[in-house]
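Let's take a walk through this one, strand by strand and ring by ring. Have the model open beside you as you read.

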Amino acid sequence: MAKITKEAALLYHSQGKPGKIEVVPTKPYSTQTDLALAYSPGVAEPCLEIEKNPQDAYKYTAKGNLVAVISNGTAVLGLGDIGALSGKPVMEGKGLLFKIYAGIDVFDIEVDEKDPEKFIAAVKAIAPTFGGINLEDIKAPECFEIERRLKEELDIPVMHDDQHGTAIISSAGLVNALQVAGKKIEDVKIVVNGAGASAVSCTKLYVSLGARLENIVMLDSKGVISKTRTDLNEQKRYFATDRTDVHTLEEAIKGADVFLGLSKGNVLSQDMVRSMAPMPIVFALANPTPEISYEDAMSARPDVLMATGRSDYPNQINNVIGFPYIFRGALDTHAKAINEDMKIAAVHAIANLAKQPVPDVVNEAYHVNNLSFGPEYFIPKPVDPRLITEVSCAVAKAAMESGVARTEIKNWDAYCVHLRELMGYESKLTRQLYDTARRSPQRVVFAEGIHPNMLKAAVEAKAEGICHPILLGNDEAIGKLAEEMDLSLEGIEIVNLRHPDESDRRERYARILAEKRAREGFTYEEANDKMFERNYFGMMMVETGDADAFITGLYTRYSNTIKVAKEVIGIQPGFKHFGTMHILNSKKGTYFLADTLINRHPDTETLIDIAKLSDKTVRFFNHTPVISMLSYSNFGADTTGSPVKVHEAVAHMQEEYPELAIDGEMQVNFAMNRELRDAKYPFTRLKGKDVNTLIFPNLSSANAGYKLLQAMDPDTEFIGPIQMGLNKPIHFTDFESSVRDIVNITAVAVIDAIVDKKKKKESK
């Protein structure tokens with residue numbers, strides 16, 4: 001983790017619009033009718049419905065997706081009682097985390113009131129606004145009474161995250177650490193250093209999971225909390241020990257199996273760790289300086305199972321793994337509370353997730369190849385996209401089963417899809433691609449089997465059930481790489497095209513290719529040499545029916561790949577060119593961009609082919625094309641250079657395809673703004689229509705355009721490049737393609753192969 005300076009932190013919070021969150025409209029507001037619906041007189045109708053049935057507030061307002069992050073600033077991070085206003089940046093930050101991890105909207109509310117009764121009254125008074133309340137940074141012991149009262153007196157979920165967030169995540173970590181150590185929670189001896197809100201809640205949840213009170217020793221700043229002490233509050237008395245032989249941390253830790261630290265830095269020495277039981281579990285959660293550093297703990301006991309609150313060491317106990325998804329599940333069931341059942345459900349969901357194979361996006365974020373369950377990974381990473389479905393679903397089910405849910409989720413598969421779409425992890429189009437491909441998985445050849453991303457993509461595509469992968473490459477090298485990356489090659493075919501065993505197949509392919517291209521100067525000898533190249537060999541597998549589709553591009557120059565594709569596969573009848581398209585899934589909708597890879601300086605004839613191919617491809621994806629052919633000028637304003645080619649291509653397309661919604665040449669702002677276009681150019685064939693297909697005048701503009709969009713909006717999903725116009729399903733990747741990009745292209749290639757087979761069957 002990069003070092004954070006004071007200057008950088010202040011600049012981050014002040015630059016641009018001050019603060020970290022804002023309110024944005026969710027409904028149209030550009031016309032007088034929109035405003036009349038949003039406010040007076042239209043707003044009266046939902047008001048009257050809510051008056052008749054208060055639960056309709058979830059239907060007609062943002063209540064069901066709105067959480068209040070409320071604090072009085074009495075225990076802000078490690079800063080202490082700095083006041084309500086001073087704590088506002090933290091509350092805004094909490095709102096940011098709610099939004100980016102679970103799509104939950106937040107109002108941060110800083111209440112300048114330390115009196116618990118008055119604070120409770122203030123929160124109760126504003127509670128109708130919200131679907132849930134997240135209490136934050138309120139000092140102990142007042143926080144216990146405030147939370148207890150609000151949970152009793154309100155009918156929406158209330159959670160003090162400083163208590164329960166840490167408790168849930170550390171409990172999940174403890175469950176898994178105990179499994180790694182081969183120990184049972186009911187048997188282990190636990191030492192807790194710290195007796196504040198987090199420590200008390202963590203330890204209570206450990207007890208709910210099976211830990212025995214008699215096996216727990218808790219310490220505060222005065223030493224061991226024992227029944228002989230007379231200075232204990234109600235929370236501390238619950239954990240007071242009968243033992244009289246221990247008074248200090250050094251004495252308590254001897255022979256202990258688990259250390260939980262929620263106190264201050266550097267209070268646990270190496271000698272103390274050495275005195276613990278075999279395979280000790282050390283959760284040193286003081287932040288930013290743990291009770292013992294990761295390096296010192298590992299040096300003292302190489303068998304230690306270590307967790308901290310820091311992101312730069314393994315096994316971070318981070319509340320963001322829990323609270324967004326706990327509230328998500330609670331909100332989506334309109335729950336009246338967050339109860340013990342829901343918290344324990346979250347614990348087990350988080351713990352179980354760490355035992356599943358880790359998605360590539362997580363490995364990439366932490367610059368590793370193969371995170372897997374064990375001593376250095378027993379808690380999921382905060383960036384794991386599966387947390388929202390695994391934890392939210394578990395919490396929602398527990399809410400329903402425990403009787404606090406006011407609405408039921410009946411279709412859990414649909415709910416999971418909704419959550420993934422909500423967070424942009426999946427679009428409807430992507431899901432449709434995968435579902436369609438799964439119905440008839442095809443044999444897909446992956447050209448660069450030794451490339452880590454392509455190898456991972458093949459394994460993932462197999463796991464998704466969308467294809468039967470065939471990897472090209474040296475089988476020993478691929479096997480070694482798979483072992484290093486902890487990937488299973490079960491069910492995946494490997495073809496070493498250079499192996500002597502493949503000589504007959506190479507010769508067969510060479511004869512077929514030489515015969516096919518004999519009048520273009522191909523000889524058998526030349527063709528045979530080419531069969532040692534993966535693109536020639538792989539494309540011939542598809543050409544001859546030994547495979548159904550081919551994926552390439554991570555290593556190879558596009559110019560070479562294009563040449564091979566033309567020679568081996570050929571271009572579809574009726575066309576002289578082929579191209580590629582990228583699909584852009586954004587909040588505004590789905591857009592198709594062409595040609596983004598193949599044709600560098602297209603002439604009029606090429607642009608006509610690209611337009612015709614784009615029409616076919618957009619329809620292939622079940623969309624009706626509305627095509628804008630782009631340029632830097634509008635409708636003949638410039639009579640020289642590339643605009644002329646676009647102008648001529650549009651004229652041809654409009655004459656040949658009078659029903660097709662296509663026009664140009666036009667600037668991109670006119671293409672994307674229907675009102676602007678219709679007002680200035682009422683003659684356009686696109687009048688009243690929203691453009692969904694953009695054809696660029698050359699490769700430079702197309703490539704720069706989609707990559708600019710990609711860079712400026714990382715939340716927008718891009719699928720591509722998708723090949724248009726070849727005789728067989730040959731598809732390309734960019735050299736920077738991620739695993740998910742390649743899997744998406746694989747799904748497209750499978751569907752392409754399915755359609756190709758269907759057409760051939762119908763033509764017979």
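Start with strand β20: 8 of its 8 residues are buried, so the strand is largely enclosed by the rest of the structure. Buried here means under 20% relative accessible area, exposed means over 50%, and partly exposed is what falls in between, using a 1.4 Å probe and protein chains only. Strands (E, at least two residues) and helices (H or I, at least four) are DSSP runs, numbered from the N terminus. Before going further, keep in mind that this is a predicted model, where local features need pLDDT of at least 70, side-chain atom pairs count only at pLDDT 80 or more, and totals for chains, interfaces and linings use all residues. Residues are numbered from 1 along each chain as its sequence is written, and side-chain values use heavy atoms, with hydrogens and water left out.

So which sheet does β20 belong to? It sits in an open sheet of 6 strands, ordered β18-β17-β19-β16-β15-β20, and the pairing is mixed. Two strands count as paired if DSSP finds at least two bridges between them. The edges are β18 and β20 (717–724); each has a single partner strand, so one side of each is left without a neighbour in the sheet. On average, and ignoring direction, neighbouring strands here are turned by 20 degrees against each other. Axes are lines fitted to C-alpha atoms, for helices over the stretch in contact, and angles run from 0 to 180 degrees between N-to-C directions.

The partner of β20 is strand β15 (residues 579–586): the two run antiparallel and are joined by 6 bridges. Along that pairing, Asn585 faces Glu717 of β20, and Met581 stands opposite Ile722. Contact here means heavy atoms within 4.5 Å.

Now slide across to strand β17 (residues 626–630). With 5 of its 5 residues buried, this strand is largely enclosed by the rest of the structure too, so look at both of its faces. Val626, Ser628 and Leu630 are buried on one side, and Ile627 and Met629 are buried on the other. On the pairing side, β17 runs parallel to strand β18 (residues 661–666) over 5 bridges, and parallel to strand β19 (residues 693–695) over 3 bridges. Ile627 takes part in both pairings: its bridge partner in β18 is Ile662, and its bridge partner in β19 is Thr693. Between β17 and β18 comes helix α27 (residues 642–656), and the three make a right-handed β-α-β unit. Right-handed means that, with the strands pointing away from the viewer, the path from the first strand over the helix to the second runs clockwise.

There is another sheet to visit. It is open, has 4 strands in the order β2-β1-β3-β4, and its pairing is parallel. Its edge strands are β2 (105–110) and β4 (158–160), each pairing on one side only. Strand β3 (residues 132–135) runs parallel to β4, joined by 3 bridges, and Ile133 stands opposite Val158 in β4. Helix α5 lies across β1 (66–71), β2 and β3, at about 165 degrees to β2.

Finally, the rings. Rings of Phe, Tyr and Trp (its six-membered ring) pair if their centres lie within 6.5 Å, with planes under 30 degrees apart called stacked, over 60 edge-to-face and the rest tilted. By this rule there are 16 aromatic pairs. One of them is Phe98 with Phe323, edge-to-face at 4.8 Å centre to centre and 65 degrees between the planes. This pair links distant parts of the chain, 225 residues apart: Phe98 is in α5 (residues 88–102) and Phe323 in helix α14 (residues 323–332). Both Phe98 and Phe323 are buried. Lys94 lies over the face of Phe323, 4.2 Å from the ring centre; a charge counts as over a ring if NZ of Lys or CZ of Arg is within 6 Å of the ring centre and within 35 degrees of the ring normal. Elsewhere, Phe635, Phe670, Tyr681 and Phe683 form one aromatic cluster.
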